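User: Hi! Could you walk me through this structure in plain words?
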Amino acid sequence: MAGASLMDTLFQRSLEDLIKGMRQQLIGEPAFISKAMEEIRREIKSTDLSTKSTALLKLSYLSSLHFHDMSFADFHALEVLSSPRFAHKMIAYHAISLSFHDATPVLLLITNHLRKDLTSTNEYEVSLSLQCLSKIANVDLARDLTPEIFTLLSTSKVCVRKKAIGVVLRVFWKYPDAVRVCFKRLVENLENSDPQMVSAVVGVFCELASKDPRSYLPLAPEFYRILVDSRNNWVLIKVLKIFARLAPLEPRLAEKVVEPICDHMRRTVAKSLLFECVRTIVNSLSEYESAVKLAVVKIQEFLLDDDPNLKYLGLRALSTVAEKHLWAVLENKEIVIKSLSDVDPNIKVESLRLVMKMVSESNVAEISRVLLNYALKSGPEFCNKILASILSTCSRNVYEIIVDFDWYASLLGEMSRIPHCQKGEEIENQLIDIGMRVKDVRPKLAHVCRGLLIDPALLGNQFLHRILSAAAWVSGEYVEFSRNPFELVEALLQPRTILLLPAIRAIYIQSAFKVLTFCLHTYLLQNKGTTFSSWSDTLLPGVLSSDFYESLADLSVGNGPSVTVTPGHVSPSSLERNDLSYEYIVNMLNLVELAFGPLSGSNDVEIQDRAQNVLGFIDLIREKVLNSSVQKGNVSEGKDVEVADIVELMHHAFSEELGPVSISAQERVPLPDGLILKENLVDLEAICGDIGLPSSNSFPFESTSYKEEVGNSLSNLEIKEGLEQLNESTSLLAEHRKRHGLYYLPSDKSETISNDYPLANDPMSQDNATDDTNDLLKLAEQSFVPRRKSSHTKPRPVVVKLDNGDEIPIASRKSEPKDDSLSDAVRDVLLGSEAIIRTSSQSNLSDKPPNKRKGKEKQHRDIHEELKENLVDDRNPSSRRSRHRRHGKERRQRSPRKKNAEEGGDNGQKEKQKSSHPHGRHRQRADEPSNVAGQTSEVPDFLL
Amino acid sequence: MIHFVLLISRQGKVRLTKWYSPYSQKERAKVIRELSGVILTRGPKLCNFVDWRGFKVVYKRYASLYFCMCIDQDDNELEILEIIHHYVEILDRYFGSVCELDLIFNFHKAYYILDELLIAGELQESSKKTVARLIAAQDSLVETAKEQANSISNIIAQATK
């Protein structure tokens, strides 16, 4: 064995050899690494610590840069750790901090090693173990080593002490009770004269305060002193971060810190500190007008800087300011607009966000125009970002900012035609949504959708298919606004619809059906008054129909893109609405029949089913229509009435108006007797299999939207797999049904429909406008000036909103219990309920004499009080008594706020208060004189 | 706090990784793949910040190496850029005009220096001099240990064990 180990030692590859070998790549990297791993596995079992440690070092290398598993060496790392040599220890600690995690089994064995090194006289060994502990500490390690950390927090060796401070953070997270032991010493270090030490402590408090700022309010005086006195930028940045979190909790604190922060902002040359000041002001102190003004000036400097970093951060800061001070953005709008064409995509996105913040109902049209022009000339990614932000901004709060819906409908149409547009789903939803919500927009909407439908080129872009399906639905649903139904039917049945997914084709078919029914109905209606024969004897249906068949046959052979051909003898474009001739109807019937003939044999059930329905309907109608005309007036009135009845029936079925569905619609339906809602539905799982059940969320839309989702994902899949793919998905049926009204409740609002609604200015004509940045800027200049509402010539149409809004209820979040226990501990220590400290220290730290520590606490508290006194004095030199009075007043102010916080549903807050009961009781008895002495130290903010 | 530190070469080779938040080996590899895809493709005159999974990644290129640090949303990006620069300066001082090869062959040294600079994802030492002094002291401790280990008598003692 000794021999083998000697050979290993002498001929072992060092780390350098390994790296060199890897770089030479003689046998390829994977092969080389697996060979090296083999060696390492052998070498690491060696009894010689040098060999072992070299193997461990090599393994660390492979693990950290090539992500090889090194957990097999966990125990060997511990063995190397026990070596007396520093070099070995270093390697072992490095390996351990690299590979150990909370679930590592040998973690239990490391405690004593760490303890030994933490108490070592060699400061470098102590540093190493602290470094390692900061990475691997779990609950047990944190608990067991708290005493050692506590000692190190006041060691005279600077480099060790600041590492100990750094470790405290991890120890506190893992083991909150350590706060009761170490917190005072940590706070003491805030007063250290060494800026490094202060920097380390402030760093720890910055992290702690980010989780639960309220607990650290009592330390505000210390932080304030650092803010005013320190000239170290690293420290100042951290202190500013702390104040950014404390200031919103305590208005008087905000008032006190705002001046010093402004001082720093005026004085400093360091951009990082300047930026931190700006951010603190805009985030937490935005109600101080003068400070915000100063911050905006600094932001402006950032925006004008050549450094893209500063520009980006300036935009970021600006978007934070925008929440409360929109003027700041408007002041800088030129730079913001210019940034839209920056080379950096990050800057572009930020400026887009800012532009959207400036949108209001008076300028939404102009801004959208500017942005759409930008979208046209930018790449696909940014183009879609622009479209997404326009869509979401305009639809916010049920189209709150839209006044002119005609304009918006045409904007949606225009968006669909942008070549990079991939927002099909969103546009689809909005087309249907505004159609259902806003009655006045329907004529324009039908017009826009017709434009989309008759353009065969759009069918080629699969991202637009969703939009087309919406357009088809709108055209069918609001066919009464169409000027030329025949054209619609042609568009809906054009051969290139074969490119569509079956689900969307089904919608096309259904829409064609609706249009057909509408035409028949109108036709019958207009002839009701006249005699039956008067229309029938003008026709020669036999000739007509055969002619027509021929012309149509020609049409259907030519499968080219230009399918919108009007048959010779009937020119539908010349037809006025309400003036439908017999030929017109027959042509339409023939066209539909011809187009649906092949579809009745389609592989897709949806298509087949619908096509069959329509064909059946036509059979029923046509035979009678033709017969009656051939017999020239011999037809009995009865038959005609029968046809009229059928058409009437269908028309009624389709003319029922669809409206948006309230989220609470389901709740309003009374529960039928004998329906057990709480029944266990486990059995369903077996039936549904991998489809899964909708979650138990009580949101009634859930089931339908869920189905739709399934449908969507399926359709996405199919796009990839090819268009001719078979599709037997039942979820598509569900989607379709939803579309066709089975799930909708009728809207009982009745508004008058005005057909002669003024048209919005045609957006397409403006498209040719030069998109030079300067021109856009000019345009923007006008548009971003907030205008009076009076400029609108017509009132905003009624937008159907449902009583309790369309918002999705958000489940309340629960705070983490661990954080609670940590902040409990901090509060207990800071607010001085000694009983708790004593009991906990007895259980955890029995080896420490409690008296000694208590003395320290007292001493500390004296310093604390002194400080508070100083701070109060410089504002208001008053006696102790007056301070108490202020304190009492303050409490009265505080309590309603607390109540609010609780009402806001903050569960954590309640729990905290409950668990820190002793302290709460103290507060209630505050007016009792016997308690006054104790009170002074535990009240967080009377010193301000 | 800093969640992790990465050094990636322009070719996408990883030169150093240091994780202050828990990530499994699998996640680590994934993070690096994702980030090097984002960062290496960015042009030279763009800003040094990238939004990533709700965090911010601050990166800076020095010669052929990208130094990346991942931080929380409300951390100060400019401060992190200064820390990166600080680290580079210390490396430069230690290796004497540092190059990528130095870091390749002394990868553990780069770690030890980083450990003196940061602890638990926080800056612990902002003085270059102090870091240099601490590293030098550690080096001398290692050297004495190595000399002992490599002495002939030690090897003989091993062999005759």
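Analyst: Happy to. First a term: buried means under 20% relative accessible area, exposed means over 50%, and partly exposed is in between (1.4 Å probe, protein chains only). Helices (H or I, at least four residues) and strands (E, at least two) are DSSP runs, numbered from the N terminus. This is a predicted model, where local features need pLDDT of at least 70 and side-chain atom pairs count only at pLDDT 80 or more, while totals for chains, interfaces and linings use all residues. Residues are numbered from 1 along each chain as its sequence is written, chains are lettered from A and ligands numbered from 1 in the order in which they are written, and side-chain values use heavy atoms, with hydrogens and water left out.

User: Where do Phe205(A) and Tyr216(A) lie?
Analyst: Phe205(A) is in helix α12 (residues 195-211) of chain A and Tyr216(A) is in the loop between α12 and α13 (220-229), so the pair ties together parts that are 11 residues apart in sequence. Phe205(A) is buried at 1% relative accessibility, and Tyr216(A) is buried at 1% too. Ring pairs also link both of them with Phe172(A), Phe183(A), Phe223(A) and Phe243(A) into a cluster.

User: How many disulfides does a search find?
Analyst: The search of the whole structure gives 0, a disulfide being a pair of cysteine sulfur atoms within 2.5 Å. For Cys383(A), the nearest cysteine sulfur belongs to Cys421(A), 7.1 Å away. In chain B, the sulfur of Cys68(B) is 10.0 Å from the closest one, in Cys70(B), which is too far for a bond. Cys383(A) is buried at 0%, and Cys68(B) is buried at 1%.

User: OK, and how many residues does each chain bring to the contact?
Analyst: Chain A brings 61 residues and chain B brings 63, where contact means heavy atoms within 4.5 Å. The two chains bury about 5,700 Å² between them, 57% of it on carbon and sulfur atoms. Buried area is the accessible area (1.4 Å probe) that two parts lose on being put together, summed over both. Phe67(A), Tyr124(A) and Trp234(A) supply 13% of the area that chain A buries against chain B, more than any other three residues.

User: How many salt bridges cross that interface?
Analyst: The rule finds 8 across it. A salt bridge is a side-chain nitrogen of Lys or Arg within 4 Å of a carboxyl oxygen of Asp or Glu. One links Glu125(B) to Lys162(A), with the closest N and O atoms 2.3 Å apart. Lys238(A) and Glu122(B) meet in another, at 3.4 Å from N to O. Lys238(A) lies in helix α14 (residues 233-246) of chain A and Glu122(B) in strand β7 (residues 122-123) of chain B, so this pair joins two chains.

User: Are Lys238(A) and Glu122(B) buried or exposed?
Analyst: Lys238(A) counts as buried at 11% relative accessibility, and Glu122(B) counts as buried at 8%.

Methods: Phe/Tyr/Trp six-rings, centres within 6.5 Å; stacked < 30°, edge-to-face > 60°.
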